[in-house]
Amino acid sequence: MSATSPSRADRDRRPAELRVGFLPAHNFTLSALSLFVDALRLAADEGDRSRPIHCSWSVMSARPEPVRSSCGLQIFRNSPLVDPAAFDYVVVVGGVLHAGEQVDQAVLDYLRLAAARGITLVGVCTGSFILARAGLMQGRRCCVSWYHCADFETEFPDLVPDADRLFIEDRDRITCAGGSGVADLAAHLIGRHVGRAAAQKSLHVLQMRDARAGTDAQPHRGLEAAEDERVRRAILLMEQHIADPLGIDAIAGKLQISSRQLERLFHEATGQSPASAYRSLRLHFARDLLETTRKSVTQVALEAGFSDGSHFARQFRSFFGGPPRSVRRTPAPAPTEGAAA
């Protein structure tokens, strides 16, 4: 070892290249937090020793009580709200939208303080909603999950959400749709601060392929991505209302265009009418349920937005060329006593 090479002890004492503070919301998504933290853990040290050498992280809360995740598991903080200057990024982890207050006033104030001090704020899952409620997304692009796009538009009509990408970095704000895209975002930040090799190691140990870019499309059920923004938004609305289908007039109204204009846009973008595209989405959803669950045909019909099993069966046969039961991988269970009634 040369005289200028740092020893292992010196390296262990150096400040981490990437420092992240986490703020899990009430009913936060456990996978979003765990994927991000595990990516940092795996990049922070050699092998699987988990020492916070190259990356450090802290899960914070304003109160000492455990924070409940959306699946019911609870976690304890390992730090109170500390000076945001201790971090390169402060990540707010969202979760269930309509289950009461997500964060308290102390967390909102902390986020505003971090923003005022120039710390990059990150919203993952529905963390983008929390940043927007704190008034911290004005004038910035915002990534949301396709599943919550309509919710975001309703709550924040002055902001324009992007439901096509995995994550968006707009100056000192980063928003991520959630899901497996959280690992891609973590790898992106690890690559920037620690190095590409560390980012690749994290993903490979997590049994994931090389990191996707933030500009990659969100994987979701639906038609091929259309270039027209209004058609994409219409498809997102359809996907969010499978069991309770919206009328085409209602979809057009939400997009603030006429039904005739929506018909024209769909024909230009997809070669189909909006009604045909909607029916295709619902039938493919139903087929997936038939192939992967043991639900009865009637149950599948209702979950796919059809009023009764016979109508669903006719539509299914016309579209796929065979009856619903023909695609079952396992036989459906016998109905329980009284189910027919």
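This is a predicted model: local features need pLDDT of at least 70, side-chain atom pairs count only at pLDDT 80 or more; totals for chains, interfaces and linings use all residues.
How many nonpolar, polar and charged residues are in the lining of the largest cavity? Four are nonpolar, one is polar and two are charged.

View 1. The space inside the largest cavity comes to about 30 Å³. Two elements, α5 and α8, each give two or more residues to its lining.

**View 2. Now for the residues that line the largest cavity: Cys149, Ala150, Glu153, Arg233, Leu236, Leu237 and Gln240.** If you're wondering which element gives the most to this lining, it's α8, with four residues.

**View 3. Next up is the largest pocket, with about 480 Å³ of space.** Its lining takes in 19 residues. Look for Ala150, Asp151, Glu153, Thr154 and Leu237 if you want the ones nearest the pocket's centre.

**View 4. Helix by helix, α5 (149–155) and α8 (229–240) each put at least two residues into the lining of the largest pocket.** Sorted by class, that pocket lining has eight nonpolar residues, along with six polar and five charged ones.

**View 5. Ala150, Glu153 and Leu237 get a close-up of their own, as they line the largest cavity and also lie among the residues nearest the centre of the largest pocket.** On the pocket side, Asp151 and Thr154 complete the set nearest the centre.

Note on methods
Residues are numbered from 1 along each chain as its sequence is written. Side-chain values use heavy atoms; hydrogens and water are left out. On a 1 Å grid over the protein atoms alone, a cavity is a set of points where a 1.4 Å probe fits but cannot get out, and a pocket is an open set with protein on both sides within 12 Å along at least five of seven lines; lining residues have an atom within 4 Å of a point. Grid points are joined across faces, edges and corners, and a volume is the space filled by probe spheres set on the points. Ala, Val, Leu, Ile, Met, Phe, Trp, Tyr, Cys and Pro count as nonpolar, Asp, Glu, Lys and Arg as charged, and the others, Gly among them, as polar.
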